[in-house]
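Dear colleague,

Please find below the structure that I am handing over to you. My findings follow it.

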Amino acid sequence: MFKKIGLIVVIVIVVLVGVMAFNTFTNKANTPAIDAVKMSAIDADAAANRLAEAVRIRTISAGSGDAPASAEFDQLHLLISNSFPRVHENLKREVVGGHSLLYTWEGSDSTLRPVLLMGHMDVVPVEPGTEGDWQENAFSGAIRDGAIWGRGTLDDKLSVFAILEAAELQLAEGFKPKRTLYFAFGHDEEIGGENGAGKIAALLEERNVKLAFTLDEGMVVVQGLMPGIEDPIAFIALAEKGYLTLQLTATTVGGHSSIPPRTTAIGKIARAISRLEENRFPAALISPASDMFDTLAPHMPLPLKAIISNRWLLDPLLVAELGKGGATNAMVRTTTAVTITEGGTKDNVLPSTATATINFRLLPGTSIQDVVEHVATVVDDPDIVIAVKQGNEPSRVSSKSAEGYHLIEKTIRETLPDVLVSPGLMLAGSDSKHYEGIAENSYRFIPMRFGPDDLARVHGTNERLFIDNYIEIIQFYRRLMENAAG
Ligand SMILES: [Zn+2]
């Protein structure tokens, strides 16, 4: 009897190991062969100088209540018109929402759905006290060590200018698009984009425009960040996480601290925080994060490759590992971050209220309502009121088998032949959300090359872009115009 059971166990193990080995070793990348395309040369110094000049104009979005930097935006508009005379002459230009720009490059075939390329002209301020940490002044537009330095070189004046450089060059070469191309440059992305991208999208909707896809900032080409993969990887984000800030307010009876209740308002808030941190949202590997692992698995070293190739069996193991912390945790979970607590005024007075501000980033598929319900259930305290301070739902997940994705992937592989291409999930937010109603798909990618320390430069210190990379980015947009509209 025992012999028989032992034999069955051995057979099951042998079969399992066999299936897993088969899945692992037959998991090969199915990337079609695409030849690199050589684009005509670009005057790199001239292009770098134009972007540097744009960096010097302080188009800062500070707080959502503040008036836009009107004079600076006017100055930037003038720089754009003067720098790109062919674009100025041949494309329709509209100022929308006060300071945003919409360019229309009319195509010859009106049956093709237009494509909209995006960027934003505003930048975040420099954090007070960090000005001296910059190698070059944040608004100097200095060109040194082969790079352009300053705010906007990574986020996001570079894509505004690279798109315009590309259009100017294509116009000079006599390129005429079959498909209509729009360029939309917002002026308030850093504070939500309501007046810029929001207004442009509303205008296009009014005109009944239906876009094939939008391409915006979002993910980049990274190297040295993915375990076991040495090649640079271009991540095309198919979705962005949602954003939600909740305020929890505990109210109890105040009074003198010599006769305290068992729990004060602060105690209640502390308990609520601790419950929320202990009861995180469940982790799950879903699209588009799962698409990323599926795409990259064939390039990964053995233990990882074997685990991802056998998700039918090992998914709980993989999800538990990814959910441990950091960026991989943010890919598989709606995250919870307590960012502000307030309560109490005097050491001998019972606080009648205490508050906690909690920031959540929502996985696609989780709604603001879901989060509010989860928090209410976990906190489970009638003396605590939950209020939504600010929120936007996660984006939908765009298709990785649609024409737009294939066009972008093909263009990447033609102009940056050394990189792998993968779908991805954007952990931050972008202006793309405003166009969801009129675009079939929304992709978020700029071919900026990032090493392990470059992410901190975005919104941080020493933001800079290498000129060689800037030229690659311009060539990418040129080729994309040809592929999408040629
Ligand atoms: Zn940005």
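Pro288 is found in the loop between helix 7 (265-278) and helix 8 (289-296); helices (H or I, at least four residues) and strands (E, at least two) are DSSP runs, numbered from the N terminus. A cis peptide bond, with omega about 5 degrees, joins Pro288 to Ser287.

Please note that this is a predicted model, in which local features need pLDDT of at least 70 and side-chain atom pairs count only at pLDDT 80 or more, while totals for chains, interfaces and linings use all residues. Residues are numbered from 1 along each chain as its sequence is written, and side-chain values use heavy atoms, with hydrogens and water left out.

Domains

The chain is divided into domain 1 (44-240 + 396-485) and domain 2 (242-392), with bounds that come from an automatic or database domain assignment. Their C-alpha centres lie 32 Å apart. Across the boundary, 20 residues of domain 1 are in contact with 19 residues of domain 2, where contact means heavy atoms within 4.5 Å.

Strand 7 (residues 211-222) is largely enclosed by the rest of the structure, because 11 of its 12 residues are buried. Here, buried means under 20% relative accessible area, exposed over 50%, and partly exposed in between (1.4 Å probe, protein chains only). Two strands are taken to pair if DSSP finds at least two bridges between them. On that basis, strand 7 pairs with strand 3 (residues 115-120) in the parallel sense over 3 bridges, and Val115 stands opposite Phe213 of strand 7. Strand 16 (residues 439-450) also runs parallel to strand 7 and is joined to it by 8 bridges; Leu215 stands opposite Tyr443 of strand 16. The pairing of strand 7 with strand 8 (residues 233-240) is antiparallel, over 2 bridges, and Val221 has Ala234 of strand 8 as its bridge partner.

The zinc site

Which protein atoms are the donors of the zinc ion? They are His120 (NE2), Asp155 (OD), Glu217 (OE) and Glu217 (OE), lying 1.9 to 2.6 Å from the ion. Donors are N, O and S atoms within 2.8 Å of the metal (3.2 Å for Na, K and Ca); water is not among the atoms, so sites may look incomplete. The 4 donor atoms subtend angles of 54 to 147 degrees, and the arrangement is therefore irregular. For reference, four donors count as tetrahedral if all angles lie between 85 and 135 degrees; four count as square planar and six as octahedral if opposite donors are over 155 degrees apart and all others between 65 and 115; anything else is irregular. In sequence, the donor residues are spaced H-x34-D-x61-E. His120 in strand 3 and Asp155 in the loop between strand 5 (147-149) and helix 5 (157-172) link distant parts of the chain, being 35 residues apart. Both His120 and Asp155 are buried. The peptide bond from Asp155 to Asp156 is cis, with omega near 0 degrees, and Asp156 lies in the loop between strand 5 and helix 5.

The sheet 4-5-17

3 strands form an open, antiparallel sheet in the order 4-5-17. Strand 4 (143-144) and strand 17 (464-466) stand at the edges with a single partner strand each, so one side of each is left without a neighbour in the sheet. Strand 4 pairs with strand 5 over 2 bridges, and Arg144 has Ala147 of strand 5 as its bridge partner. Helix 2 (residues 44-56) packs on this sheet, touching strand 4, strand 5 and strand 17, and its direction makes about 15 degrees with that of strand 5. Helix 14 (residues 467-485) touches strand 4, strand 5 and strand 17 as well, its direction making about 75 degrees with that of strand 17. Axes are lines fitted to C-alpha atoms, for helices over the stretch in contact, and angles run from 0 to 180 degrees between N-to-C directions.

Individual residues

Most residues other than glycine have a negative phi, and most peptide bonds are trans. Asp380, in the loop between helix 12 (368-379) and strand 14 (384-392), has a positive phi near 45 degrees; its relative accessibility of 60% counts as exposed. Asn462, in the loop between strand 16 and strand 17, has a positive phi of about 60 degrees and is buried, with a relative accessible area of 12%.

Thr411 lies in helix 13 (residues 403-415) and is buried at 0% relative accessibility. Not counting residues up to four places away in sequence, Thr411 touches Phe476, Arg479, Leu480 and Asn483.

Yours sincerely
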